[in-house]
Every structure is written in structure tokens, then in C-alpha cells.
Amino acid sequence: MSNHDCINFQFPTSGRLCKWEFDDHGERIPLDVNGTYTLNEQEAVCELARLGMGVAQLPGHEVVSYIRSGELEAVLTDFVSLERSIYICFPHRDHIAPRTRVFVDFVVEKLADHPDIIADLPGLDLSAKRKAASVDSGI
């Protein structure tokens, strides 16, 4: 990645740069990258990549429409990590309010197989990785 102008994402609350993550045969590889641009909005990172200003690592839901339309191209697809997470944050308590539990369950159900979250994109076939991950986890 050192030969590419990588667009960094900086967490707005902590100021920490987001490491790029790759998967090499089940091993998670975090990588610090360098580039001309560092932004704290995912949409802005996506827009710069779309305009050809550099290479970016973004969540599938952020780029799926651009990849499908041909405005962006998926690269390094052999190293896509399946270990991306979406977090729902709420205050910690010993007992979660029933309405909070219902909401969390609803979101998990809706996003589990959402086509823009678990994207099948042109040039990106993750079926073998998903199958291997399910075998490794005993699912």
C-alpha cells in the first residue's frame, strides 16, 4: 500500500486513524496507511475515492451502489476481511430495558442478511470465505 495514495479515515471523537484491515487465510492483518487526505466523514472518503483522488477502504454499504454502477472498482478482493462490525451503543445497566432489547434484536435481524451490508459485488466473491468462516466457528 506504500505505493498508493491512501485516503485515511480519522475517528471524529478520538482523532485516532482507522487502521485498514485485511484477511490473509484467516489471519487478520491491521495496517497503518499513508496518504494525502485524512477525513472524519465516511461519505467524504467515499467521494474522494469516487473522484479518483486516492484508494480507500470503506464498508460495503457505503460503496455498494458505486461499485455496481462502475464508478468505483473493488481491489485487493482476495484480502477482504469479514470481521467488520456494526455497533449499537447504549448505557450499560445490569438489566436492559425490554424496549432496548427489542430494538437491538430488530436491528440485528434486519441487517444480518441485508444486501447492502453483506454485499455481493461485481468482482468480489466472498462465498468461499463465508463458508470457511462458518466451518471455523462451528456454525
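Exposed here means over 50% relative accessible area, buried means under 20%, and partly exposed covers the range in between. Because Asp32 has 55% relative accessibility, it counts as exposed. The structure is a predicted model. The salt bridge count is 5, and the bridges described below include Asp32 with Lys19, Glu47 with Arg50 and Arg50 with Glu71.

**Asp32 and Lys19**

- A salt bridge joins the side chains of Asp32 and Lys19, with an N to O distance of 3.0 Å.
- Asp32 sits in the loop between strand E3 (27–31) and strand E4 (38–39), and Lys19 sits in the loop between strand E1 (8–9) and strand E2 (20–24), so the bridge ties together parts that are 13 residues apart in sequence.
- Asp32 is exposed at 55%, while Lys19 is partly exposed with a relative accessible area of 38%.

- Glu47 and Arg50 form a salt bridge through their side chains at 2.6 Å, N to O.
- Both residues belong to helix H1 (residues 42–50), and because they are 3 residues apart, about one helical turn separates them.
- Glu47 is partly exposed at 29% relative accessibility, and Arg50 is partly exposed with a relative accessible area of 26%.
- Arg50 also meets Glu71 in a salt bridge, at 2.9 Å from N to O.
- Glu71 has a relative accessible area of 39% and is partly exposed.
- Through shared partners, the salt bridges join Glu47, Arg50 and Glu71 into one network.

**Packing of H1 and H2**

- The axes of H1 and H2 come within 10 Å and cross at roughly 25°.
- Angles under 35 degrees count as roughly parallel, so H1 is roughly parallel to H2.
- The crossing of the two helices, H1 and H2, is right-handed.
- On the H1 side, the contact involves Gln42, Glu43, Cys46, Glu47 and Arg50; on the H2 side, Glu62, Val63 and Tyr66.
- Sorted by class, the contact of H1 with H2 has 3 nonpolar, 1 polar and 4 charged residues.
- Glu47 and Arg50 are among the H1 residues that meet H2, and these two residues are also part of the salt bridge network with Glu71.

Definitions and conventions: Residues are numbered from 1 along each chain as its sequence is written. This is a predicted model: local features need pLDDT of at least 70, side-chain atom pairs count only at pLDDT 80 or more; totals for chains, interfaces and linings use all residues. Side-chain values use heavy atoms; hydrogens and water are left out. A salt bridge is a side-chain nitrogen of Lys or Arg within 4 Å of a carboxyl oxygen of Asp or Glu. Helices (H or I, at least four residues) and strands (E, at least two) are DSSP runs, numbered from the N terminus. Buried means under 20% relative accessible area, exposed over 50%, partly exposed in between (1.4 Å probe, protein chains only). Axes are lines fitted to C-alpha atoms, for helices over the stretch in contact, and angles run from 0 to 180 degrees between N-to-C directions. Angles under 35 degrees count as roughly parallel, over 145 as roughly antiparallel, 65 to 115 as roughly perpendicular and the rest as oblique. A crossing is left-handed if the near helix is turned anticlockwise from the far one by less than a right angle, and right-handed if clockwise. Contact means heavy atoms within 4.5 Å. Ala, Val, Leu, Ile, Met, Phe, Trp, Tyr, Cys and Pro count as nonpolar, Asp, Glu, Lys and Arg as charged, and the others, Gly among them, as polar.
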